[in-house]
Amino acid sequence: MNLYHGYSIGTKQESYDWILLDENKLVKMNELSKTSIHRQDKNLKVILEEGDLFFCISKELENDEELTFETENMSLSIRGTCGLVRHHHGTTFVAILEGGADVRNAQTTFYLFEGQAIFFYNDTYYFSTVY
């Protein structure tokens, strides 16, 4: 199935979905997840409404490309990295497994390095390590 601008995708109990955005961008939706895809030129936005996304971007994006993952309380800018975004009941967890990424909430921009994580709940955030 081809995905186009504005498409929404959801998974049910005990299901998951692998989404190949292109030859270098892979996203896995875990069970009970809902997301939508938005594209404008070389800018791609994946909005996670609920659930879990694993992402692996195997090749660094070109200077004129942009890939963001968003929830209601944060935005994650990816260049070439692997990680996890989890969003449940207004709480967002972001973990960077390889590489690094910019994470923004309403007040601040953070840079997460490999092995770092951040939790967002309302206007509060907490840093953690993954391993």
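I started with the contact list of Lys25. Beyond four places in sequence, Lys25 touches Ile19, Leu20, Cys56, Ile57, Leu61, Glu65 and Leu67. I note for the record that this is a predicted model.

Next I looked up where Lys25 sits. Lys25 is in strand β3, which covers residues 25–29. Is Lys25 buried or exposed? Its relative accessible area is 7%, under the 20% cut-off, so I log Lys25 as buried. I then checked its side chain for a polar partner. The side chains of Lys25 and Asp22 make a polar contact of 2.5 Å.

Two names on the Lys25 list got their own entries.

Entry on Ile57. Ile57 belongs to strand β5. Its relative accessibility is 4%, so Ile57 is buried. Outside four places in sequence, its contacts include Asn24, Lys25 and Leu26. Leu67, Ile78, Arg79, Gly80, Thr81 and Cys82 are also among them. I looked up one C-alpha distance here. Ile57 and Gly80 are 23 residues apart along the chain, and their C-alpha atoms are 4.9 Å apart.

Entry on Leu67. Leu67 touches Lys25, Leu44, Val46, Ile57, Leu61, Leu76, Ser77 and Ile78, with residues up to four places away left out.

Last, the core. Which residues have the most contacts inside the largest nonpolar core? I found Phe55, Leu67, Phe69, Leu76, Ile78, Val94 and Val103, in a core of 27 residues. Strand β5, residues 43–57, supplies the largest share of this core, with six residues. Background note: nonpolar side chains tend to be buried together in soluble globular proteins.

Terms used:
Residues are numbered from 1 along each chain as its sequence is written. This is a predicted model: local features need pLDDT of at least 70, side-chain atom pairs count only at pLDDT 80 or more; totals for chains, interfaces and linings use all residues. Side-chain values use heavy atoms; hydrogens and water are left out. Helices (H or I, at least four residues) and strands (E, at least two) are DSSP runs, numbered from the N terminus. Buried means under 20% relative accessible area, exposed over 50%, partly exposed in between (1.4 Å probe, protein chains only). A polar contact is a pair of N or O atoms within 3.5 Å; within protein, one must be able to donate a hydrogen and the other to accept it, and residues adjacent in sequence count only if both atoms are side-chain atoms. Contact means heavy atoms within 4.5 Å. A nonpolar core is a set of buried Ala, Val, Leu, Ile, Met, Phe, Trp, Tyr and Cys residues joined through side-chain atoms within 4.5 Å.
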